[in-house]
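Hi there,

The structure is just below, and my notes on what turned up in it follow.

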Amino acid sequence: MRYYWGKTRQEIKQTLDLTKKRLDEIELLLKGTAIVLENCSFKQMAKQIFDLCQELIGATAGYVALVSEECRENVALFLDTGESACTLEPKLPIPLRGLRKYACQSGKTVFENNFTESTYYKYLPQGHIAIENVLFSPLVTKGKVVGLLGLANKKNGFSDYDVNLIQSFSELMALALDNSRKMDILHDNEERFKAVSQRSENRFRTIFENAPVGIVLVDPNTIISLANSAFCKMVDYTKQELENKTMFDISHPEDLVITASFLKEAALGNKNYFYYKKRYISKTGKIVWANVAISVLKDINGNIENYLVMVEDITQKIEAEEQLAKARRKAAVDEKLAALGTLAAGIAHEINQPLNSLKVNVDSILYCYEKFGKIDEGELIAKLKSISQETEGISSIINNVRSFVRNERSLSVEPCDINNIIENVLQKMEKELKDNKIILVRNLKDIPCIKGNRTGLETVVVNLLNNSVKAFKRTVNKQKEIAVSTLVEERNIYIEISDNATGINESILDMIYDPFFTTGAVNEGMGLGLTMVHWVVKRHQGNIEITNNNQGGVTCRIQIPILPEENL
């Protein structure tokens, strides 16, 4: 047998380099998502995301600009000229013309690799940096272009692949701008509220004293300076006794950390409003449970003057629902940021399986080479093909998740053999099924190929089988069986996966496709599985029906019409 060592090593290196590049891209996208979660100015977030773009794409120059309401001109937030000289004042508005204008009007990412020979070169103002090639990506929020990301002077020019990557970063930058503007509105409202409060002190004191909930004014050192009658009654102290006491003095020892954490966050200036549940100790030693809302009151220079603490006595409610109250600890978490964080974890969960498969193939190649000093050419080529397929699968999963988030109506398609897809999934899950002592029953009929998205359809089968495996882990003393079948009727292909596990509570059947809805444990997934399954099936113009069966388990029946490619 002959071995072409030079060629084989080159193929291994190319495949491993491509794998590393894709993983680096995923890491930078997740870093960009983390930047959006930070509470800093848009200029800071945009600069950090811009730096990630430069690192990923390799452009030596670029800028981020805000676009006027009428999309007639843009003003640069910052400009990186690279090694080129620029005599233009970056803070002055520049009319939108040429390729920049086209990018804003079309809302699409565009590039030109031979800029000096293009029709756009004439619009370059005198004193501008020298440009060999350029890419512009509009920042779009709520269907409107509000900014522009520009990159220039990349060695060997830009590509369509660069467009897909930069589009993701421009979407993150647009989201950062939208969040920043919303935060500005909140801060403006806060300043107006403080101004009104200062002009209405007498009215405030009337409300303060007669409010049905406890109200306490606390200085930056947590010393109580003022308390209303409701709070005094709540903790059995007089107003005079409370004066010069600190909030630590009347807090439950186990809840001191809550007050300390709030003070730390307030001192850092991260938040101006806090909501939490805690316990106070009354003068008589009684424990008082309370919902606490705290507003940070600042002077015009942004320094903390006081904390306005609103206290609602919920002791009776806690005592009536003691078991439920012990299991709940309320946290002030921004809903939108939490959803973004959960989605990032869901993406990592989805790509974990192909990454594991990829690593097994690479480790196998390295093991054979290190142990025997040679590798069978046929086996090596097969593993390299598998590595390439898994790498493409990771990219396809990311694209499908992106399409799911954007609610895109179409998917990329190719000829798909449903039975082959099912067999591939079953082969990958063979060990897991055996480890869980699950009997597999196949009944795959002869069915035609369809035009479909292979990765999406594979995701459907994997998620449904995983759900069955997880359900069996909650059963005991039962013969475990999963039946997988396919058939064709008229112009429809049917896939049916049944088990005899635990079934689904009828009261939640209407919610199983909701994003992030799960009945499993915390470490059993993010609740995106059936959401993705439903989305993929609908993009194939199909239907899915999940019902409880007579064997005590669940039957999932999928119907996919056989359609021309253009209808998918």
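Let me begin at arginine 442, which is partly exposed, with a relative accessible area of 43%. Please keep in mind that the model is predicted.

The side chain of arginine 442 has a partner: glutamate 423 forms a salt bridge with arginine 442, and their closest N and O atoms lie 3.3 Å apart. This pair ties together distant parts of the chain, since glutamate 423 belongs to helix α13 (residues 418-428) while arginine 442 sits in strand β13 (residues 438-444), 19 residues apart. Glutamate 423 also counts as partly exposed, at 31% relative accessibility.

In general, side chains of opposite charge can pair when their charged atoms come close.

One joins lysine 431 and aspartate 435, whose side chains meet in a salt bridge at 2.9 Å, N to O. These two residues are 4 residues apart in helix α14 (residues 430-435), so about one helical turn separates them. Both lysine 431 and aspartate 435 are exposed. Elsewhere, salt bridges with shared partners join Glu254, Asp255 and Arg279 into one network.

The other pair is lysine 154 and aspartate 162, with a salt bridge of 2.6 Å between their side chains, N to O. Are these two buried or exposed? Lysine 154 is buried, because its relative accessible area of 14% falls under the 20% cut-off. Aspartate 162 counts as buried too, at 5% relative accessibility.

Next, have a look at lysine 233, which you will find in helix α6 (residues 229-235). Lysine 233 counts as exposed because its relative accessibility of 71% is over the 50% cut-off. Its C-alpha atom is separated by 8.7 Å from that of glycine 214, which is 19 residues away along the chain.

Finally, there is helix α16 (residues 529-539). How many of its 11 residues are buried? The count is 9, so the helix is mostly covered by the under-20% cut-off. Among the buried residues of α16 are Leu530, Met532, Val533, Trp535, Val536 and Val537, and Arg539 is on that list as well. Just after α16 comes glutamine 541, which takes a positive phi of about 60 degrees.

Happy exploring, and do write back with any questions.

Best wishes

Notes: Residues numbered from 1 in each chain as written. Predicted model: local features only at pLDDT ≥ 70, side-chain atom pairs only at ≥ 80, totals over all residues. Heavy atoms only, no water. Salt bridge = Lys/Arg side-chain N within 4 Å of Asp/Glu carboxyl O. Buried < 20%, exposed > 50% of the residue type's maximum accessible area, 1.4 Å probe, protein only.
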